[in-house]
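The sequence and structure come next.

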Amino acid sequence: MSAQSSTGIQTLLEAEKEAQAIVAKARAYRTQKLKDARTEAIKEIEAYKSAKEAEFKKFESEHSSSNSKAEEEANASVQSELIAIKEAAAKAKDKVVAQLIEAIATPKPTLHVNSQ
């Protein structure tokens, strides 16, 4: 009985070793699958990120050109108004200077509002 019992124990030990090997293989497989899934997720995130960046740059370039066009139009409008103001000032300059000199040179004595 001792030989048969020893053979049974030996069979159980071999079965246990085989089970441990299967469990270790399953753990390694699961670990590898997790690593693969993580790598795949990172690739998908990078692809999505680059697609959104390209979309944003396209949007930005479309809208920045319209902003620069509006800015150029506003600058042209401001320049034309400045030219008109300078021309009006140049035309009225002599008249304004003459009026100032006349107002200074010919005093008109009047009582102050508070002194009445």
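I9 lies in helix α1. The model is a predicted one. Between I9 and A47 there are 56 Å in space, C-alpha to C-alpha, for a separation of 38 residues in sequence.

## The salt bridge

One salt bridge is found when the whole structure is searched. Its partners are E55 and K52, whose closest N and O atoms are 3.5 Å apart. The cut-off for such a pair is a distance within 4 Å. Side chains of opposite charge can pair when their charged atoms come close.

Both E55 and K52 belong to helix α1, where they are three residues apart, about one turn of the helix. E55 counts as partly exposed because its relative accessibility is 48%. K52 is also partly exposed, at 39% relative accessibility.

## The nonpolar patch

V78, L82 and I85 make a nonpolar surface patch of about 260 Å². Of these residues, L82 is found in helix α1. With 38% relative accessibility, L82 counts as partly exposed.

## After the helix

K108 is located in the segment after α1, the helix that covers 2-105. Its relative accessibility is 71%, and K108 therefore counts as exposed; the threshold for that class is over 50%. Computed along the sequence, K108 and K95 are 13 residues apart, and in space their C-alpha atoms are 20 Å apart.

Conventions: Residues numbered from 1 in each chain as written. Predicted model: local features only at pLDDT ≥ 70, side-chain atom pairs only at ≥ 80, totals over all residues. Heavy atoms only, no water. Helix = DSSP H or I, 4+ residues; strand = E, 2+ residues; numbered from the N terminus. Buried < 20%, exposed > 50% of the residue type's maximum accessible area, 1.4 Å probe, protein only. Patch = residues over 30% accessible without salt bridge, like charges linked within 9 Å, V, L, I, M, F, W, Y side chains within 5 Å. Areas by Shrake-Rupley, 256 points an atom, 1.4 Å probe, with all protein chains shown as cover. Salt bridge = Lys/Arg side-chain N within 4 Å of Asp/Glu carboxyl O.
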